[in-house]
Amino acid sequence: MNTALDFSEIHAGMLAEVGGKAANLGELTRAGLPVPAGWVLTTEAYRQVAEAAELDVIVARGGPGLAEAARTRLLETPVPEPVAKTVREFYAGLGDRVPVAVRSSATAEDLPFASFAGQQDTFLNVVGPDAVLDAVRRCWASLWTDRAVAYRDANGIDHVSVRLAVVVQVMVDARVAGVMFTADPVTGRRRETVIDAAPGLGEAVVSGAVNPDRFAVDVATGEILLRHEGDKRLAVRSLAGGGTEHVEAAPGGLCLTDAQARELAALGVRVEDHYGAPQDTEWAIGDDGALWLTQARPITTLYPLPETTRDGLRVYFSVNVVQGVMGPLTPMGLSAFRLLASGAAGLFGHAPAERRDGPAFLAVSGLRLWIDLTTAVRSRAGRVILPRVLAVGEARTAVVLERLVEDPRLSVRHTSLRPALRGLARFARRVRAPARVFQALTRPARALAYTRAVGERLDGRLRVPGGATPAQRLDHVERVLGGTFPQIISIMPIVLTGYGLFGLASRLSGLPLSEMQDVLRALPHNPTTEMDLELWALAGQVEPEPFRRHPAGELVRLYHAGELPPKAQQGIARFLETYGHRGVAEIDLGLPRWSDDPAHLLGVLANYLRMDDAGDLAPDALFARGAAEAKAATAAIVARARSRGRLRGTVTRFALRRTRAYAGLRELPKFYLVQVLAGLRRSLLAVGEHLAATGVLGSAGDVFFLTVEEARAALAGGDLRALVTERRAAYERETRRRHVPRIMLSDGTEPEALSAPAAEGALTGSAASAGTVTGPARVVLDPVGAHLEPGEILVCPSTDPGWTPLFLTAGGLVMEMGGAMSHGAVVAREYGIPAVVGVPDATRRITTGGLITVDGAAGTVTVEEESAES
């Protein structure tokens with residue numbers, strides 16, 4: 001191909017050859033947008049010089065000096081004469097010594113999941129063919145700056161596959177220039193244009209060298225929402241003959257008029273509409289007042305909007321966040337939740353017409369689940385009930401919703417309590433809530449027996465005849481998922497009876513709930529606690545030598561080969577028989593269980609065996625001490641209540657006994673749900689094996705990248721391997737997303753981003769488990785392979801049961817998510833470790849090794865000492 005192209009020649013088929021930025025300029029030129037004239041030296045030219053420089057040898061060698069070695073070699077290698085000739089010819093075509101901008105444009109730039117903006121170099125006001133050739137060479141070399149290499153490593157981009165085009169564009173000698181986002185990059189709100197502007201060339205704004213003026217424009221109305229004047233003490237200006245200079249500038253009022261801000265916003269709308277997604281753009285206004293667009297790339301940090309057909313502003317709540325699963329769900333995992341949610345909606349009398357589609361309140365975005373809370377937020381009943389319910393399990397969400405009700409766009413529409421009461425009455429009737437509560441109050445043994453019977457019934461429903469066809473297996477999957485929620489939720493009236501009586505004991509004794517938390521330590525009947533204690537006990541039984549000598553991967557091989565010592569081999573097998581259905585991110589049936597891949601489990605065992613003498617920090621000792629403290633706390637509360645009246649004391653003792661009996665069951669519905677998902681996963685793998693054998697899929701596991709409906713249709717034949725490849729790529733991209741909003745509006749706004757940031761050093765959240773501890777922090781983003789030394793304080797985004805083995809050695813807990821009844825808070829209380837949950841940005845504001853103090857009663861985290869590594 002030619003080594004140079006005019007912008008207008010660039011089309012979709014050349015995207016890979018010319019790179020992201022250059023391709024965008026070609027698109028914008030053909031769309032009639034005001035882009036300065038120019039041309040592109042394609043990646044073919046880079047390929048030729050990279051080949052001459054033998055860069056493939058340097059890349060293969062790798063090592064810490066890769067960036068410098070590749071950069072040096074490119075700068076030393078002569079530009080091939082055919083390429084140099086092309087550059088001179090195209091530059092001459094622009095005119096006589098025309099000032100140009102020479103800009104890098106990498107093929108890995110402006111990807112859907114990562115913007116490489118600023119990773120390569122730009123050279124402004126370049127004049128003359130020799131100067132252009134020198135700038136081109138330096139652009140090529142900038143593909144190998146330390147920051148560009150590190151950024152590619154972080155985003156999983158292969159160094160060898162990346163190429164660089166160079167854009168040569170007529171300079172706009174800007175009077176004013178800057179950056180424009182067609183959506184607010186902080187709050188996420190779409191169609192709110194944010195403009196940063198400063199006198200002179202845009203380099204001052206882009207590089208962060210100046211405090212610019214800021215404007216925000218509502219593009220629907222043209223209203224200027226914000227005018228903030230920056231000091232603009234520096235300006236970058238072109239020099240005659242080439243190059244730029246930085247000059248001091250005195251503040252002189254706003255550098256854009258309202259009319260210019262609206263004109264820019266209108267241009268931003270055209271660019272966004274052209275690409276179909278919010279854009280990060282650069283612009284300039286020349287001395288003649290003409291407006292130019294010099295750059296456009298996608299805003300990659302925005303969370304995608306849930307698809308909806310409903311009118312008006314909607315409020316969405318993240319299921320993933322509340323479950324502590326920040327990563328995406330597989331398509332089959334999402335499909336399973338739609339069926340589960342259809343069963344849940346049916347309890348309230350709102351079953352969808354098509355169960356596979358899920359109820360109207362369920363939405364998917366970014367391969368994650370969202371619940372539409374708009375109806376509740378806009379009803380009087382919802383505004384009373386919802387914050388109270390969320391305050392127990394998701395305190396930060398409750399605070400956000402309390403602020404949201406002040407938004408006039410979300411004013412009350414549903415004033416009658418009757419629909420809500422009818423739905424609740426229907427729900428209570430179908431799960432037999434009154435009978436369950438009465439049984440919990442009067443016959444605790446029978447109530448507990450009922451919870452066990454639910455598990456037995458679900459286990460029976462999972463059995464599939466050995467000769468079942470793939471179609472029959474899919475029928476079974478749909479049938480079981482549709483009926484699971486009504487079964488597991490029928491346990492909750494018993495659990496809530498325990499917590500309700502806890503509240504009654506508080507009133508009778510006159511003690512606030514925050515001073516009664518010791519009663520909830522070391523609760524019985526909690527399957528997650530029982531699992532953790534059994535794992536600790538297993539660590540005391542197995543032969544330690546293999547676990548100290550081999551990494552987790554080798555331990556897995558030895559276990560599957562039956563080559564571990566007998567006690568370890570048999571003990572692990574027994575443990576997996578009971579708990580093998582569990583795992584990290586276990587709510588997604590598309591992901592492996594511990595029984596599929598016990599690497600994480602064996603790694604935890606190895607960590608336990610490295611603890612020579614845990615002493616008082618041993619989990620069984622902590623649990624026993626917690627049980628004793630709970631008994632003492634119960635006696636003290638009963639005595640206080642009795643001092644206010646004998647009957648009060650009697651009722652308080654009764655209430656706290658029932659609390660102890662039932663509160664630990666909170667984890668049981670999820671335990672049963674995950675057991676069901678694991679069973680159905682095995683059945684779906686059998687369907688996947690059939691589809692792989694018939695050539696529809698590449699492997700059995702590919703079935704989890706289909707929906708239930710698609711898997712059924714695939715039984716008729718076809719080839720879905722390309723679809724699975726595409727979905728795996730999308731799933732992998734979403735796993736790299738670093739932030740998932742807790743609450744999001746349908747216009748993209750993340751309400752938490754609207755609140756004022758906390759004062760410097762002040763980390764506050766929700767009190768979750770009383771006590772105070774000072775110790776070194778251990779920031780953990782993924783529990784797999786993680787290790788905590790005894791006494792270290794676990795700092796993490798959130799938790800699910802896959803995290804809880806880490807609690808056994810933790811001295812305290814700090815979580816970004818959750819409330820007083822969230823999973824991490826419950827387990828922390830049971831282990832007697834201080835915990836604060838719902839601490840914004842804790843994993844970023846706290847560094848591993850730093851000394852912190854966790855006050856679990858006050859809900860505060862104090863950074864005593866930064867890590868030396870930070």
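Helices α14 (380-393) and α16 (418-430) each supply at least two residues of a nonpolar surface patch. The largest share, three residues, comes from α14. The patch, about 530 Å², is made by Val384, Ile385, Val389, Leu417, Leu421 and Leu424. Patch residues have over 30% relative accessible area and no salt bridge, and nonpolar side chains are joined within 5 Å; a salt bridge is a Lys or Arg side-chain nitrogen within 4 Å of an Asp or Glu carboxyl oxygen. Areas are Shrake-Rupley values with a 1.4 Å probe.

This is a predicted model: local features need pLDDT of at least 70, side-chain atom pairs count only at pLDDT 80 or more, and totals for chains, interfaces and linings use all residues. Residues are numbered from 1 along each chain, and side-chain values use heavy atoms, without hydrogens or water.

Helices (H or I, at least four residues) and strands (E, at least two) are DSSP runs. Strand β6 (residues 174-183) has nine of its ten residues buried (under 20% relative accessible area). Strands pair if DSSP finds at least two bridges between them.

| β7 (residues 190-199) | antiparallel | seven | Asp196 |

In the hairpin of β6 and β7, Gly188 takes a positive phi near 85°.

Asn320 lies in helix α11 (residues 319-323) and counts as buried because its relative accessibility is 1%. Its side chain reaches the backbone nitrogen of Leu369 at 3.0 Å.

How values were computed
Buried means under 20% relative accessible area, exposed over 50%, partly exposed in between (1.4 Å probe, protein chains only). A polar contact is a pair of N or O atoms within 3.5 Å; within protein, one must be able to donate a hydrogen and the other to accept it, and residues adjacent in sequence count only if both atoms are side-chain atoms. Patches are made of residues with over 30% relative accessible area and no salt bridge: like charges are joined within 9 Å, nonpolar side chains (Val, Leu, Ile, Met, Phe, Trp, Tyr) within 5 Å.
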